[in-house]
Amino acid sequence: MTDRYDQGMKVRRAVLGDAHVDAAEAKKSDFDAQFQTLITEGAWGTVWASDGIGTRERSMLTLALLAALGNFDEIPMHIRATARTGASKQDVLEAFQHVAIYAGVPRANHALKLANQTYAEMEQSDDA
């Protein structure tokens, strides 16, 4: 593997947590291995690894972009990641308010619904 891949895995684990990454790696197949390498090197080893802005800001940007573009499937994963990135619930709310104004209320509304559900799950798992 490349240095960028190794850096990407390090950042991916720091942001998403070992349990998530281990589960994703266990599901990796010969069919999607090349795609998973692309994501690890590109998203995690390049974009998320950049020191241009912090992980809190990256987390907020990622959530806003996912919501604005209607890519809702990854919102719960990135809400869970806020526990490690430092983005607060208020930060997430602010990001989704921007989505409402610049990309549409229905997308922001759905993103908030997913965030609420995910935060509730996170709080329940903390109590268990």
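A residue counts as buried when its relative accessible area is under 20%. Glutamine 36 comes in at 17% relative accessibility, so it counts as buried. Keep that cut-off in mind as you look around this structure, which is a predicted model. Here's a quick tour, starting with that glutamine and moving on to several helices.

**Glutamine 36**
- You'll find glutamine 36 in helix H3, which covers residues 33-47.
- Once neighbours within four places in sequence are set aside, glutamine 36 is in contact with Arg12 and Lys28.

**How H1 and H2 pack**
- Two packed helices are described by the angle between their axes and the distance between the axes.
- For helix H1 (residues 3-16) and helix H2 (residues 18-27), the angle is about 125° and the axes are 7 Å apart.
- Because of that angle, H1 is oblique to H2.
- On the H1 side, the residues that meet H2 are Tyr5, Met9, Arg12, Arg13 and Leu16.
- Their partners in H2 are Asp18, His20, Val21, Asp22, Ala24 and Glu25.

**Helix H4**
- H4 takes in residues 55-68, which makes 14 residues.
- From first C-alpha to last, H4 reaches 19 Å, close to the 20 Å expected at 1.5 Å a residue.
- Its buried residues are Arg58, Ser59, Met60, Thr62, Leu63, Ala64, Leu66 and Ala67.
- Just after H4 sits glycine 70, with a positive phi of about 75°.

**Helix H6**
- H6 runs over residues 89-102 and has 14 residues.
- Its reach from first C-alpha to last is 20 Å, close to the expected 20 Å at 1.5 Å a residue.
- Buried in H6 are Asp91, Val92, Ala95, Phe96, Val99 and Ala100.

**Alanine 108**
- Alanine 108 belongs to helix H7 (residues 105-127).
- With 3% relative accessibility, alanine 108 counts as buried.
- Alanine 95 is 13 residues away from alanine 108 along the chain, and their C-alpha atoms are separated by 9.0 Å.

**Rings**
- Lysine 89 lies over the face of tyrosine 119, at 5.0 Å from the ring centre.
- As for aromatic pairs, the count comes to one.

Methods. Residues numbered from 1 in each chain as written. Predicted model: local features only at pLDDT ≥ 70, side-chain atom pairs only at ≥ 80, totals over all residues. Heavy atoms only, no water. Helix = DSSP H or I, 4+ residues; strand = E, 2+ residues; numbered from the N terminus. Expected span 1.5 Å × (residues − 1). Buried < 20%, exposed > 50% of the residue type's maximum accessible area, 1.4 Å probe, protein only. Phe/Tyr/Trp six-rings, centres within 6.5 Å; stacked < 30°, edge-to-face > 60°. Lys NZ or Arg CZ within 6 Å of the ring centre and 35° of its normal. Axes fitted to C-alpha atoms, helices over the stretch in contact; angles between N-to-C directions. Parallel < 35°, antiparallel > 145°, perpendicular 65-115°, else oblique. Contact = heavy atoms within 4.5 Å.
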